[in-house]
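I opened my notebook to keep track of what I look up in this model.

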Amino acid sequence: MLAAGLWGLAAASALVIGSVAEIGLHISRRITALIMAFGAGALISALAFDLTEEAFRRGGTGIFAAGLAAGALAFFVGNRLVIRFGADGRARRRRPHTTPAASSSNGPAIVLGTLLDGLPESIVLGATLLGGASVSASFLAAVFLSNIPEGAAGTRDLSEEGHARRWIVLLWVGVALASGLASGLGFGLLGGMNQAAVALVQAFAAGAILTMLADTMIPEAFENGGDLAGLATALGFAAAFLLSTTA
């Protein structure tokens with residue numbers, strides 16, 4: 001469980017790295033979007049060749065389909081609630097000409113949105129260690145890469161709201177610690193379940209992650225990255241696939 005938690009923390013530490021990079025370097029929206037597209041492609045590959053394949057092998061068609069649908073619906077509803085009650089920062093980032101004054105303070109929504117995105121990934125990352133297996137290098141890399149632009153873009157929004165830099169960095173440190181805890185719990189809780197239950201949780205996470213990709217990461221990458229986002233997505237997919245075949 002400790003190892004799973006540390007791997008989850010390592011992947012989520014990219015949120016802090018992205019935040020510090022944004023504060024120190026002021027990364028352009030275009031570069032952030034292209035990194036996001038690369039991370040999205042890597043996540044698609046990890047979902048296709050690691051997570052969903054494993055869930056289907058463990059649980060079969062019925063359990064896999066039920067978990068996938070439930071995860072997609074859960075993210076959809078959760079994301080709607082975050083947007084409704086918190087003026088979700090991710091929606092505003094897809095409209096870069098919107099000023100901070102045009103929206104209510106959305107710092108909590110940015111954090112809630114990041115947790116909504118990241119907790120399923122962290123749980124699955126911990127679950128990859130079940131049965132004495134080593135951590136999935138491709139899934140770890142995909143989560144790490146996708147977290148960098150999330151931390152950078154979220155920091156930009158929080159800075160525009162007037163939050164202090166120290167407060168922002170500490171906030172992302174807290175999110176990273178929560179992700180590490182989720183990864184450790186994912187290993188601990190799933191380790192005592194039967195194969196069907198593990199498959200259901202894996203499929204649930206896959207549905208949530210896939211919906212997140214289509215709803216937030218990919219649209220934002222194309223909005224701010226232009227047509228190069230497609231190439232970056234394909235490159236991320238290829239890199240993660242090759243990593244999974246050589247790991």
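My entries below go from the surface patch to the ring pairs and then to the cores.

**Ground rules.** I am working with a predicted model, where local features need pLDDT of at least 70, side-chain atom pairs count only at pLDDT 80 or more, and totals for chains, interfaces and linings use all residues. Residues are numbered from 1 along each chain as its sequence is written, and side-chain values use heavy atoms, with hydrogens and water left out.

**Entry 1, the patch.** I looked for nonpolar side chains on the surface and found a patch of Phe49, Phe237, Phe241 and Leu242, with about 340 Å² of accessible area together. (Patch members have over 30% relative accessible area and no salt bridge, and nonpolar side chains are joined within 5 Å; a salt bridge is a side-chain nitrogen of Lys or Arg within 4 Å of a carboxyl oxygen of Asp or Glu; areas come from the Shrake-Rupley method with a 1.4 Å probe.) Helix α8 (residues 228-246) gives the largest share, three residues. (Helices are DSSP runs of H or I, at least four residues.) Leu242 sits in helix α8 and is exposed at 53% relative accessible area. (Buried is under 20%, exposed over 50%, partly exposed in between.)

How many aromatic pairs does a search of the whole structure find? I got three. (Ring centres must lie within 6.5 Å; planes under 30 degrees apart are stacked, over 60 edge-to-face, the rest tilted.) Phe49 and Phe241 have ring centres 4.8 Å apart and planes at 55 degrees, so I noted the pair as tilted. Phe49 lies in helix α2 (residues 29-86) and Phe241 in helix α8, so this pair ties together parts 192 residues apart in sequence. Phe49 is partly exposed at 35%, and so is Phe241 at 33%. Next I checked Phe56 and Phe64, an edge-to-face pair with 6.0 Å centre to centre and 85 degrees between the planes. Phe56 is partly exposed at 43%, while Phe64 is buried at 17%. I also saw that Phe49, Phe237 and Phe241 form one aromatic cluster.

Which residues of the largest nonpolar core touch the most other members? Of its 31 residues, they are Leu43, Phe139, Ile209, Leu213 and Met217. (A core joins buried Ala, Val, Leu, Ile, Met, Phe, Trp, Tyr and Cys through side-chain atoms within 4.5 Å.) Helix α2 gives the most to this core, ten residues. A second, separate core of nine residues includes Ala12, Val16, Leu158 and Ala176.

Conventions
Patch = residues over 30% accessible without salt bridge, like charges linked within 9 Å, V, L, I, M, F, W, Y side chains within 5 Å. Helix = DSSP H or I, 4+ residues; strand = E, 2+ residues; numbered from the N terminus. Buried < 20%, exposed > 50% of the residue type's maximum accessible area, 1.4 Å probe, protein only.
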